[in-house]
Amino acid sequence: MGRIGLLICLLFWGIRLPASDPAGRFKLSEPVQMRYQETRTLALLSEPWKGSGYLLADPSGTMVKLQLSPQRVIMVATPTRLLYFDSSSGERHRIRLPTSMPQAEGIVLLRQLLQGNFQPIRGHYHIEYVEEGKNWSLQLLPKDPESAPFRKVSMHGDLEGNRQVLEIVERDGDRSVTRMVLDARGDKLTYTIARLVQEAAGE
Amino acid sequence: MIRRLAILLVLAGMLGLLAWQLQLETRLSVFFLGRSDPGSRMVERFQHTVFARRYLLAIEPEAGTAADLPGFSRRFIAAMEDLPGVSSVWPAFQPPFSIPDLMAGYAAFAPLIYSLNPQDEAADLFAIESLDERARGLKKALLSPFGDLVQRVAPKDPLLLTFHAFSDWRDLFGKMATRVEDFYPIVLEARYPPFDIERQRDLQQRIRQTFSRLNQGQDGTYQLRMTGVPVFAVSAQQRVKKDVSRVTIASGLGVTGVLLVLFRSWQVLPAIGLVLAFACTIGALATQWVFGNLHALTLALGATLIGVCVDYPIHLLAHCRGELPPAEVAGRLWPALSLGAITTVIGYLALAATGYPGFQQTAVFASAGIVTALLTTLYGVPMWLDGPVVGGTPSLRIFVSCQQWLVTHKRLMQVALGLALGGALLLLPRLQWLDDLERLAGFDARLQQQDTELRKRLGGIEPGRAVLVEAPDLETALQRGEEATRVLRRLKENGALSAFHPIYPWLVSLQLQRENWGHYTQHVTNEFVGAWHEALNRSGLSVDSLGLTVPGELPGSWMDTETILNSQVKEVLPGQVEQHPRKTHLAIWLGPHDPQAVAASLSDQLGVRYYSQREQINALAIAYRRRALLALGVGVGVILALLLIRYRSPARSFKVLLPGMSGLVFVFACFAILSQPVSFFHLIAAMLAVAICVDYGIFYSERRAGDAVDTYRAMGASMFTTVVAFSALGLANNPALKALSLAVTGGVVIGFLLCPVVLPGDRAAESGPGP
C-alpha cells in the first residue's frame, strides 16, 4: 500500500506545475481521477504481474486505488485507516494508522507529502527534484536503507501533468512500475470517492 | 515519678521497635483474599510481571466522534514518552514487538507446528485437489497490501501452514482494528513495580497533568480514562488510608471525649492512655512478627480494640475511690477482669478460626492487645497511680436511672424479653446471606466498571480468569495445555468463549511436533510436490522460490521450546509460563466467556482447571460463612464451658451468657426484617458482641468491688466507650467495616441493657464463688 500512496501522492504532485518549493504542489484543490497500468516484478512470481484501474484522490487526503483488472479490488488510504476490499472474494481488511506494517509506513510518508510537510520526509529521505525541458523528475533516496520500506522511489512526468510514471524499488529488490494518465478532475469524476470508501469499509 | 519515667521509657522503647520493624500492607486482596490457593498465587505472580506495570489508557471525545483523535493521541503519546517513570508507551493496536517478525520466525518450523489436530486436519491441509486454489490464494496474498508477511513466510513455508497454526491468534489481532474516531487505546509501561504506590501515584498525576495540558489546547474536547493494576493499587491504598485515619481519629477522639464526660477528670486519661498505648503497640508488634507485615485494615479494626481494652482500666479506676490502694483494688478485680479478657480473646480467636486472612491478623493483634491491656491494668496502672483517683467514679446518672428502672420492672421486662426473643427467633430463617466478597471488600466499583468497559472494547482478556495448567515438566505442561486448547477451540465454536490466549503455537510440545511431522511426511510425497509445482506454474509463481522438497524421515531440527522461551516470544506471553525445578505452570488467558461451560468442559482434564478469581472468591466467602457459623457455635460453647467452670452452676452460667446471646438474636432479627443481607462479617461481629457482653454479664453478676448501681455505672462507661469505638468503624467506606460496626454496636447495647433484666439483683441469692 505504501507504493500506492506514494504513487498517488507523486502523481498529483506531477499534475501540478513544478515549483521551486515542491511542498506547495501537494495541496490538492479538487478531486482528481487517473487511469493507471501497473507492472510488478516480484522474486516470488515467475513472470511480472500486470494490473490496471483508476486512482482517485481528494483534498482531504483520502486516496482510493480502484483496481479493475485482473479482478476488482478497492484499496483506500485515509489519515487514520487503510482499507482493502476484494469484491470477487469478499475479503476485507482494515488496519489503523500508524502501524508497524512496513507497507503502511509509506502511508505516513504520503500524508506528510500531501500536507506539504517536508520536514519529516527530509529526516528520512534525500529529495532530488529536477525540471528539464517539458519534463520533471523526482527521487526519494532513504538515508537509512536498512529501516526504510523502499530502497528507491522515482517518478517522472510532463510539466502539463497529463502523464507520469512511478517506479518503486522495495528493500528486497521487488519492483513496481505504474504508468498514469489524467482522466478527470473536479466534478467530472466518473467514480465517487466517498462511495468507494463506504464499499471498502463495508458500511 | 521514677516509676512513671520507667514505664514511659519501656513504652518508648517498644514504639521505637515497632517503628523499626513495621511493614504496612495496603493491598485489599491480601486482607480479603489471602494467597493460599494455587490459582490465586498464579494470578498474584502475574500481577508482578511486566504486564502488571502496564496502564491501559483510553482517549475518547467528550461527545460523539472527533476526526483529530488519532493526531491528538499521538501528541499525547509523544509527550508521555518524556515523562519520568515511563518505560515505553504505544498505541494498543501497535505493540512494541513485531508480530509479523515473530510469526515469520516460525515459518521454518511450519511442518512441526502447523496443526493442533494433525490427525483430523492433515488430509484437508495436504489435499492435492486444493493446491491450485492455494497457489492462487498465495499469489493474491503476495500482491495485496498485506502481503509483506506472506512474502516473508512463503519462501520457507510455501503452503503457508504457519498461518494455520496461528489461527487463534489471528482472530485476536484482528479485533484490534476498530473505529479510531471515538476511542484511541494506549498502553503505557511504567518503570516502577505496580505496588510501588508512591511513585505510581506520582506517575498517574503526571499522566493526568500532561493530558489536561494538551486537552486545554483542544478546548477540552477529549477525556482520558485509565485502568491497570497500578491504578487499582493506588486507589485501594488511598481508600484504605482514608478509612484508617478516619476510624482511628474518630475512635481516639470519641473515646477520649467519653472518658472526660464520664470521669470529669484529666487525671484518668494518662492511666487509660498508657493501657491503650501498650495494648496497641504490643498488638502491632505481635502481628508484625507473626505475619511479617501489618495490614492497614487490621490497624483500623485494631482501633476498635481501644473500645474493648479501655474497659479494664475504667473498671479499675471506677473502684479506686481511696478506700483501698489501687494495687489492692486490682487484686480484688483480677478474677473478673481475667475471665472477661479470656472470653473476649476467645471471641477474637473465633475470627482466626474462620481462616480468613484479614481476621487472622486482627485476632493476633487483638489477642495480644487484650492480654497486654489486662496485664497493664493489673500491674502498670497501680504503679502509675499515686493515690486515689479524683473523679474516679463515672458520673452518668442515666445508667443509674436505667438500671433502677429495669430492676423495678424486671418481671415485666423478662416477659417482654421472652416474647421478643420468641418472635426474633421466628424471623431468623428469613435471613439472606451475602457471599459476594468483592462487594464486601469494597473494591472501587467505578474503577472496576471502567476496567471492564475498556478491556471489552479492546476484546482483551478478563482479568482474574484463566485456564491453569500444572505439570511436573514443561513438555507435559505443553501437552496438557494443547489438550485444553482443543477444548477451548470447541467452546469458541459453540459461542461459550469469545477469545483466548493459548500457548500454542508459540510453544509446541515435542509430542505434537512429532505428530505434525509424521503426517507431513505421509502427505508431502513426490506426487504432492509435483502437483504443487504445477500449481505454482499455472498461477505464475516461482517454483525456484516456492517449491517443495520431499521431506526425510527426521526434520533438520525440532523446535526448541527453551530457546523460544528466552526470546522475544516471552513478551507475547506475559505471565503465561512459569517454570520451577519440579513444576511448570501455564496460564491460558480468557476473553469474555460462560464460566460454567468452560469449567465443565475442562473438569475431566488431568492437570488442567478453570480458574475464576471471582468464583473462587465467592466460594471462599461461602466457606468463610460456614466456618464463621461454626466458630460462633464453638466460641459460644467455649465461653459457656468457662462460665460453668467458674460458677459451677448451669443456670448462672446461662444467665451470664443470655444478654449477649439475646443481643445477637435481636440484631440478626433486625437484619431479617430490613432484608439486609448478612455476611460472615456480621457473624463474626456477633461473636465479638457476645464475647464483650459476657464481660458485662460477669461484671454485673460478680460485682466484686461495689453494689449493683456502681457496677452498672462502670459497665455503662465501658459500653459507652466500646460503642463509640465500634461506631467509628461505621465511618469507614469499607462495607465490611461498616457491617462490623453495626452488628457489634447493636449487640453490645442490647446485651448491656439486658443485664439487669436477666441477671439477679441480689448477689446473695446466687450460688458459686462470691467476691
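**Entry 1: Asp451(B)**

I looked up Asp451(B) and found its place in helix α22 of chain B, which covers residues 445–458. I note at the outset that this is a predicted model. Is Asp451(B) buried or exposed? I counted 21 other C-beta atoms within 10 Å, so Asp451(B) is buried; the cut-off for that word is 20 or more. I then looked up Met226(B), which is 225 residues apart from Asp451(B) in sequence. In space the two C-alpha atoms are 8.0 Å apart.

**Entry 2: Met661(B)**

I found Met661(B) in helix α31 of chain B, residues 650–673. Met661(B) counts as buried because it has 24 C-beta neighbours inside 10 Å. I also looked up Met687(B), which lies 26 residues from Met661(B) along the chain. Their C-alpha atoms are separated by 9.1 Å.

**Entry 3: two helices of chain B**

I turned to helix α13 (residues 229–263) and helix α33 (residues 708–729), both of chain B. Their axes are 8 Å apart, and the helices pack at an angle of about 160°. The angle is why I call α13(B) roughly antiparallel to α33(B). I recorded the crossing of α13(B) and α33(B) as right-handed.

Which residues of α13(B) meet α33(B)? From α13(B) I listed Val247(B), Ala250(B), Ser251(B), Gly254(B), Val255(B), Val258(B), Leu259(B) and Leu262(B). On the side of α33(B) they meet Ala717(B), Phe720(B), Thr721(B), Val724(B), Ala725(B), Ala728(B) and Leu729(B). I sorted the residues of this contact between α13(B) and α33(B) into twelve nonpolar, three polar and no charged.

**Entry 4: a sheet in chain B**

I traced an open sheet of four strands in chain B, in the order β3-β4-β2-β5, and its pairing is antiparallel. The edge strands are β3 (86–91) and β5 (222–227) of chain B, each of which pairs on one side only. From one strand to the next the twist averages 20°.

I looked at the pair β3(B) and β4(B) in detail. Strand β4 of chain B spans residues 184–190 and runs antiparallel to β3(B), joined to it by five bridges. I found Glu189(B) in β4(B) as the bridge partner of Ser88(B). Helix α12 (residues 197–216) of chain B lies across β4 and β5 of that chain, and I noted that it runs at about 165° to β5(B).

**Entry 5: chain A as a whole**

I counted four helices and eleven strands in chain A. Chain A has 203 residues, of which 41% count as buried. I then took the contacts in chain A with a separation of 6 or more; residues 24 or more positions apart account for 51% of them.

**Entry 6: the sheet of chain A**

In what order do the strands of the open sheet in chain A stand? I read the order β6-β5-β4-β3-β2-β1-β11-β10-β9-β8-β7 for its eleven strands, with antiparallel pairing. At the edges stand β6 (91–96) and β7 (125–132) of chain A; each has a single partner strand, so one side of each is left without a neighbour in the sheet. Neighbouring strands of this sheet are turned by 15° against each other on average, direction ignored.

I followed β1 (residues 32–41) and β11 (residues 175–185) of chain A, which pair in the antiparallel sense over ten bridges. Arg35(A) stands opposite Val181(A) of β11(A). I also placed helix α4 (residues 193–201) of chain A, which lies across β2, β3, β4, β5 and β6 of chain A and runs at about 105° to β4(A).

**Entry 7**

I examined the partner strands next. Seven bridges join β9 (residues 150–158) of chain A to β10(A), and the two strands run antiparallel. In this pairing Gly157(A) stands opposite Gln164(A). The hairpin of β9(A) and β10(A) has four residues between the strands, and there I found Gly161(A) with a positive phi near 80°.

Strands β10(A) and β11(A) also run antiparallel, joined by seven bridges. The bridge partner of Val165(A) in β11(A) is Arg179(A). I noted four residues between the strands in the hairpin of β10(A) and β11(A), where Gly173(A) takes a positive phi near 95°.

Note on methods: Residues are numbered from 1 along each chain as its sequence is written. Chains are lettered from A and ligands numbered from 1 in the order in which they are written. This is a predicted model: local features need pLDDT of at least 70, side-chain atom pairs count only at pLDDT 80 or more; totals for chains, interfaces and linings use all residues. A residue is buried if 20 or more other C-beta atoms lie within 10 Å of its own, exposed if 12 or fewer, and partly exposed in between; C-beta atoms are placed from the backbone. Two residues are in contact if their C-beta atoms, placed from the backbone, lie within 7 Å. Axes are lines fitted to C-alpha atoms, for helices over the stretch in contact, and angles run from 0 to 180 degrees between N-to-C directions. Angles under 35 degrees count as roughly parallel, over 145 as roughly antiparallel, 65 to 115 as roughly perpendicular and the rest as oblique. A crossing is left-handed if the near helix is turned anticlockwise from the far one by less than a right angle, and right-handed if clockwise. Ala, Val, Leu, Ile, Met, Phe, Trp, Tyr, Cys and Pro count as nonpolar, Asp, Glu, Lys and Arg as charged, and the others, Gly among them, as polar. Two strands pair if DSSP finds at least two bridges between them.
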